[in-house]
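This report covers selected features of one protein model. Please view the structure first; the notes follow.

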Amino acid sequence: MTDTPHTLELRLGEVAHGGHVVARTAEGRVVFVRHGLPGELARVALTDRQPDASFWRGDVVEVVDPAPGRREHHVWSRADALLAAAEGRKPVGGAEFGHADLATQRELKRRVLAEQLLHLAGHEWQGRVHPTDGETPDGTGWRTRLHLDVAADGTPGMHPHRSNELVTLQDMPLASAPIQALAPWALRVEGAERLDVSAPANGRTPLLHVSLRADADERQLDALRALLGEWGSAHGVSVTARSADHRRVATWAGTGEVLETLEWPASADTSGEAPQPLQWRVSPTGFWQIHREAPAALAGTVLAGADLRAGDTVWDLYSGAGLFTAVAARAVGESGTVFAVEGSPVTSADAAHNLAHAPHVRSVRGDVARVLTGRGGHRQGERRRRGHRAASSAGTRVPRPDVVLMDPPRAGAAKEVLAAVDQAGPRTVVYVACDPAALGRDLGRLRRRGWKVEDVTALDLYPNTHHVEAVAVLRRDA
């Protein structure tokens, strides 16, 4: 094969954050390359090569000298960059590490996390990335949630990396068995803009949520409702639809929500009876962990680091539907308090519903920084412990914490939140992160305030992708 203006033969270097490996052209220009492994000699098709750019981007389209750890076959043909190049198309996103075996993937993730922690937090980490219980040999079948965009003609699909092109699917091996059995990518849904499928790991009723197009006419919407209502009833699936202005959600079949459960032991000061499984209502547009084993793996790791005691007061910040809130509430018992804050109106409403039975839990909706600093921004109507005054627009009564749990979005926690946590003086902070760079930055900020990173546990909750979850435990540097 001869070189073309858009293709280079490059020796690939070290892995970088974001699913890339780093290479350099003969002239020394940096190229961030996807679908390769460190040490490989590969032909790279440049996808972004502006002459004045500080770096270029590219995809591996042929491997001249493979590295140990490269699989003979990618786990998902639609995401296989080599096969896509041979077929004259782009590889779909969502499995950018699927060309590497799981041990190699976890080593790459370990290097990225270690580098970000050292560079941004000054913390030397020698840990490893742990698989979840019951992981399949090839890291497939774990997604209990799946998002599909829909073309104007009603065909669902997914996008290649940094592309507006929509690629149709014949399968999605990373999805759980119930989602694969439903094959939502085979539906024809004219009038829809996107589909979100949830299939809880407990085997309860799945849910298909449809976001409607702004330009859909009444005829299309009536036909779509009839089609999906019948499909949902036939397949035992709840179906909901969100209006184009995002203001209304209608139930077209089933219950209109997902029920998640988790077997979890009771706290030491309970009656001794066998505890009931914890359960959470999750609305169609609410948040829940994606990997089928993530709730158990994260809850166990968080509580091991938190070392909660009966009677403790806990802050659960960015609390979502209340996964850690409910687990912490059992750990501290009714003599303790859990103060949970979540910004999303939908997810916060789920949390309030899920925790209504626990009088020692207060669940507040509002911007976390504003709630903690007392500068307003939350809404009235918080769930509150008996004896506490109601929330008002002037502020919320925030208890002093013994332990702070926080699971911020990918961008990390706001500086004001970290400052408020520091000023509150808990004995322990447990920080859950899905982005190594955000984790490194925020741990660095806490370290500069006198906190010591005692432990970081990395979990492979996103096999065949570059993503990794980490749980950091911090205590005051004596």
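Which residue forms a salt bridge with R145? E260 does, with the closest N and O atoms 2.7 Å apart.

## Basis of the report

This is a predicted model; local features need pLDDT of at least 70, side-chain atom pairs count only at pLDDT 80 or more, and totals for chains, interfaces and linings use all residues. Residues are numbered from 1 along each chain as its sequence is written, and side-chain values use heavy atoms, with hydrogens and water left out.

## Salt bridges

A salt bridge here is a side-chain nitrogen of Lys or Arg within 4 Å of a carboxyl oxygen of Asp or Glu. The whole structure holds 24 of these salt bridges. The E260 and R145 pair links distant parts of the chain. E260 sits in strand 15 (residues 258-262) and R145 in strand 8 (residues 145-150), 115 residues apart. Strands (E, at least two residues) and helices (H or I, at least four) are DSSP runs, numbered from the N terminus. E260 is buried at 5% relative accessibility. R145 is buried too, at 11%. Buried means under 20% relative accessible area, exposed over 50%, and partly exposed in between (1.4 Å probe, protein chains only).

R194 and D196 also meet through their side chains in a salt bridge, 2.7 Å from N to O. R194 is partly exposed at 29%, whereas D196 is buried at 16%. For D215 and R213 the N to O distance is 3.0 Å. D215 is exposed at 55%; R213 is partly exposed at 22%. E14, E107, R110 and R111 are linked in a network of salt bridges.

## The annotated cysteine

C434 carries the UniProt annotation "active site", from an unreviewed entry. UniProt positions are given in the numbering used here, feature names are shortened, and annotations may be inferred rather than shown by experiment. C434 lies in the loop between strand 21 (428-433) and helix 10 (436-448). C434 is buried, with a relative accessible area of 14%. Leaving aside neighbours within four places in sequence, C434 is in contact (heavy atoms within 4.5 Å) with R410, Y462, V468 and E469.

## A buried glutamate without a partner

E469 belongs to strand 23 (residues 469-476). E469 is buried yet has no salt bridge. The nearest side chain of opposite charge, R410, is 6.9 Å away. For charge, Lys and Arg count as positive and Asp and Glu as negative; His and the chain ends are not counted.

The E469 side chain does make a polar contact with the side chain of Y462, at 3.0 Å. A polar contact is a pair of N or O atoms within 3.5 Å; within protein, one must be able to donate a hydrogen and the other to accept it, and residues adjacent in sequence count only if both atoms are side-chain atoms. Beyond neighbours within four places in sequence, the contacts of E469 include L298, D407, V432 and C434.

Most residues other than glycine have a negative phi. D307 has a positive phi, near 50°. D307 lies in the loop between helix 5 (294-306) and strand 17 (313-317), and is partly exposed at 41%. Phi of Y318 is also positive, near 55°. Y318 lies in the loop between strand 17 and helix 6 (323-332), and is buried at 16%.

Helix 6 is mostly covered, with 9 of its 10 residues buried. Among them are L323, F324 and R330. G333 follows helix 6, with a positive phi near 70°.
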